[in-house]
Each structure stands twice: as structure tokens, then as C-alpha cells.
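Q: I am new to this structure. Please show me how to read its features, step by step.

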Amino acid sequence: EASRGAGHATPLFSTITHRRSERLVRLIGSTDQQLVDTYHDKIRETALDGMPESERERRHFRLAETIEKNEGLVAAELLDMLSASSTAGEFDVAMSPRVFDLAHHFMQARDQRAFVYQLLAAEQSLKAYAIEDALDLYNEAERLLPEQAPVTLRNRLCLAMGRVCLWNQEVDAAVERYHRAVDAAINEFDRARAYAGLGDVKRQVARFNQATGHYDDALNNLQSQRPRSRVTKVLSFLTKSFQILILPADWHGARNDQETRIAVLKHDISDALGRGVLLDKNFLDCINALASSALAMLQAGGMRHRAIGHAAASNLYSGMGFRWLGNLCLRRSKKSESEPEDPGLTGKLMLCQAEGSYYGGNPRQAESLLEQALSHLRRSGSLYELLTALHVLRHARAYTSSATKELSAARAEFELSNEIGNCLLYTS
């Protein structure tokens with residue numbers, strides 16, 4: 001691959017053999033297309049420093065085209081696919097790991113294809129929760145964004161950058177990206193995602209009134225407005241509880257991927273409203289939001305979503321004092337539980353089950369689940385959920401552990417509260 005990228009017609013086996021005997025390079029892999037890696041970065045740096053800039057760009061270009069051909073990728077087709085719609089999510093495109101090499105080489109070659117591969121590499125980094133890498137790659141993709149890029153592509157980029165900036169605690173940058181995503185949205189679902197992102201930013205920094213307004217804007221775009229009068233709130237809660245507790249699980253399932261994405265977004269918004277934003281404001285609003293959160297996850301379909309939905313219902317009913325209902329939902333959650341690969345889903349499931357266990361009278365089980373959930377929530381950038389987990393862990397340890405362990409959880413909660421600029425939750 002390297003020899004073709006350098007413009008040679010045949011592989012330079014004799015040269016490579018000689019360099020291996022001098023312990024200057026090594027071969028990686030056992031396939032026909034082995035990678036040649038230098039033992040010393042200085043060798044590579046010296047060779048590049050002595051090369052004219054035009055020659056370096058030419059070699060980067062040849063190497064990029066060689067990799068692209070070997071991987072069977074066509075940048076124009078990938079750009080069309082990314083531009084077609086932003087509703088598929090920030091990183092739904094399965095892609096070769098060589099997109100990172102292509103992003104680097106095309107950028108060094110000053111080729112316009114660099115944008116496509118920078119964006120794909122950023123999305124792969126985000127999928128792996130490599131937040132710092134994702135931020136660097138997204139910033140570069142934003143810099144390379146073509147002036148005539150379609151609004152769907154701008155929306156896709158802004159939504160992802162808002163999310164990464166929030167995880168990196170760059171609040172102002174996150175707000176700016178989400179506002180740009182609102183402007184670039186061409187359908188209600190994209191607009192709802194952008195408003196939900198703004199709500200997440202405001203919730204994380206404890207601006208709960210502003211967060212509520214953004215979440216309501218998101219729900220309005222999803223045609224899922226919250227009930228307003230006392231009567232409709234009571235009726236809504238009872239209807240949702242009937243659907244959660246009585247109707248068979250198969251009745252809830254989404255019919256296609258788009259319905260699943262809408263249901264998951266409704267869950268995220270309602271969970272944010274019920275878990276923190278409305279918690280101390282209005283009891284009926286709070287339980288309605290939590291019931292909506294549980295029902296939406298059941299409607300999303302799939303074992304992992306169903307497990308989270310039942311766990312969220314367990315938290316709701318046990319927290320209201322109906323422990324037998326809460327424990328029933330908790331048993332359903334464990335029965336539905338699968339092994340989610342995504343640390344964000346794993347952490348959320350453990351958090352919901354832990355809350356249901358704690359309010360259901362089993363603080364020891366809650367402590368065990370929460371201790372497992374912490375690393376998943378931290379890795380996935382779910383900082384508000386991480387703060388909630390530490391808060392509940394502190395309360396659970398008041399019953400199960402020593403004062404030293406309880407104090408340790410309290411200090412961790414206090415430090416995270418200050419780190420993310422939210423100093424309200426830990427005081428309760």
C-alpha cells in the first residue's frame with residue numbers, strides 16, 4: 001500500500017527486507033496487505049522534513065486514493081448518503097476504521113474529500129465515546145464544511161457538535177450549535193432533537209425554567225404536548241399507568257426504526273423533565289413526565305428498551321409509595337434485560353433499576369447497581385445522570401455502609417456538581 005501510494009509500480013520487497021534487517025521498520029499483520037511501521041518516529045519526521053511541500057501533498061494524495069480504492073469507498077456517494085437525511089442519528093453509518101487514515105491523508109493533500117472522511121471519523125469517535133478525538137475531528141469537519149452543503153448535513157453536524165461540546169462542558173459552544181441545528185432543521189423530528197439538546201444544556205447547569213421551555217418546544221414538535229389542567233393530568237397519568245401495567249408488552253412495539261427513534265427521544269425528554277426539572281415544582285407534572293418516560297421506552301420496542309421502560313416505571317411507582325407495583329415492574333425489567341453494548345444504555349438501565357430498588361426498600365441492591373452504573377455513565381458522558389446516581393448512592397449508603405463511604409459518595413457528588421455548574425441537586 002505504501003509503495004503504491006509513493007507511485008511505485010511494484011512493492012519494494014528488497015528495500016523493506018533490508019530495512020527490517022537494520023531494525024528500522026516492522027511489518028504489522030499477516031495478510032497480503034501488511035502494514036509497514038517505523039520503529040522510530042524521528043525517521044519518519046526526518047524524511048518528511050526534507051521533502052518539498054508539493055511532494056508531501058502528492059504522496060498524501062496518492063496514499064489516500066490507494067486506501068480509498070482498497071476499501072471500496074467513494075467519497076461522493078458517502079457525501080450523498082450523509083446529506084440525504086439527518087434523522088438517522090449522528091453516527092448510524094457503519095464504516096471502515098481506515099476513515100481516520102483517509103481523513104488525515106486527504107486533509108494533508110488539501111483535497112476536498114477530506115471533509116467527508118473527517119465527518120465520518122468524528123462520528124466513529126463519538127460512537128466509541130472518544131470525546132476529545134470527536135471534538136477535534138468535528139471542529140476540523142466544521143472548518144472544511146462546503147459553502148453549498150445541504151441543510152440536512154449542517155443539521156447533522158450541529159446536533160453532533162452540540163452533544164460533544166456539552167459532554168466536554170463547553171456550554172456556550174453547545175448552545176450555539178444547537179441553535180444552529182434548530183435553524184437548519186427541515187422537519188419536526190430534527191427540530192425536536194435540537195430543542196431537546198438545548199434543554200439538556202440548561203438542565204445540566206440547573207437553569208430549569210429555561211430547560212422546561214426547550215423541552216416543551218421539543219414535545220410540541222413531536223405532537224406530544226404535556227397535559228395542562230389538573231383533570232387532564234390525572235386522566236393522562238391513569239391512562240399511561242394502564243398501558244404500562246396492563247397491556248401486553250408486544251402491544252407497545254414500534255413498527256419501524258423512525259418510530260423507535262421518536263419514542264426514545266420522547267423518553268429522554270420526559271425522563272429529563274420528571275427526574276430533575278419538574279421534581280420539586282408540581283407533583284402531577286412530575287409523575288406524568290415519569291409515566292410518559294416509562295411508556296415511551298416500552299413503545300420503542302426491543303428487549304433493552306423494554307427493560308429500561310419497566311425499570312423507569314419501578315422508580316415511579318415505588319417513589320410514589322406503591323412498592324408492590326414498583327417491585328412488579330422491577331421484576332419485569334430484569335426479565336426483559338438483555339446485554340446492551342452501549343455504555344449509555346447500560347448505565348441508564350442500572351440507574352433506573354437502582355432507583356426502583358432503593359424506593360422499593362432494597363438499598364443494598366441499589367448500592368450494588370449504582371456502583372456498577374457509575375463507570376458506564378461517566379464513559380458515555382451522561383453527566384446529569386451520573387450526578388443523580390451519586391446522589392442516590394449517597395442515600396443508599398446511609399442505610400448500608402459506613403459513614404466514610406457515605407461521605408465519599410457525597411464528596412464525589414459535590415465535586416461533580418461544581419464541575420458541571422449544577423449545585424442544586426446535591427443539597428437535598
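Q: Is arginine 304 buried, partly exposed or exposed, and where does arginine 304 lie?
A: Buried means under 20% relative accessible area, exposed over 50%, and partly exposed in between (1.4 Å probe, protein chains only). Arginine 304 has 29% relative accessibility, so it counts as partly exposed. Arginine 304 lies in helix α16; helices here are DSSP runs (H or I, at least four residues), numbered from the N terminus. This is a predicted model: local features need pLDDT of at least 70, side-chain atom pairs count only at pLDDT 80 or more, and totals for chains, interfaces and linings use all residues. Residues are numbered from 1 along each chain as its sequence is written, and side-chain values use heavy atoms, with hydrogens and water left out.

Q: How do the axes of α16 and α18 cross?
A: Axes are lines fitted to C-alpha atoms, for helices over the stretch in contact, and angles run from 0 to 180 degrees between N-to-C directions. Helix α16 (residues 303-319) and helix α18 (residues 343-359) cross at roughly 30°, and their axes come within 8 Å. Angles under 35 degrees count as roughly parallel, over 145 as roughly antiparallel. Therefore α16 and α18 are roughly parallel to each other.

Q: Which classes of residue make the contact of α16 with α18?
A: Ala, Val, Leu, Ile, Met, Phe, Trp, Tyr, Cys and Pro count as nonpolar, Asp, Glu, Lys and Arg as charged, and the others, Gly among them, as polar. The contact of α16 with α18 has eight nonpolar, six polar and three charged residues.

Q: At what angle do α19 and α20 pack?
A: Helix α19 (residues 363-379) and helix α20 (residues 383-400) pack at about 155°, with axes 9 Å apart. That makes α19 roughly antiparallel to α20. The contact includes Leu370 and Leu374 of α19, and Leu386 and Leu393 of α20. By class, it has 12 nonpolar, one polar and six charged residues.

Q: How many residues does the largest nonpolar core have?
A: A nonpolar core is a set of buried Ala, Val, Leu, Ile, Met, Phe, Trp, Tyr and Cys residues joined through side-chain atoms within 4.5 Å. The largest has 61 residues. Helix α9 (residues 151-167) gives the most to this core, with 10 residues. A second, separate core of 24 residues includes Leu245 and Leu349.

Note on methods: Helix = DSSP H or I, 4+ residues; strand = E, 2+ residues; numbered from the N terminus. Parallel < 35°, antiparallel > 145°, perpendicular 65-115°, else oblique. Contact = heavy atoms within 4.5 Å.
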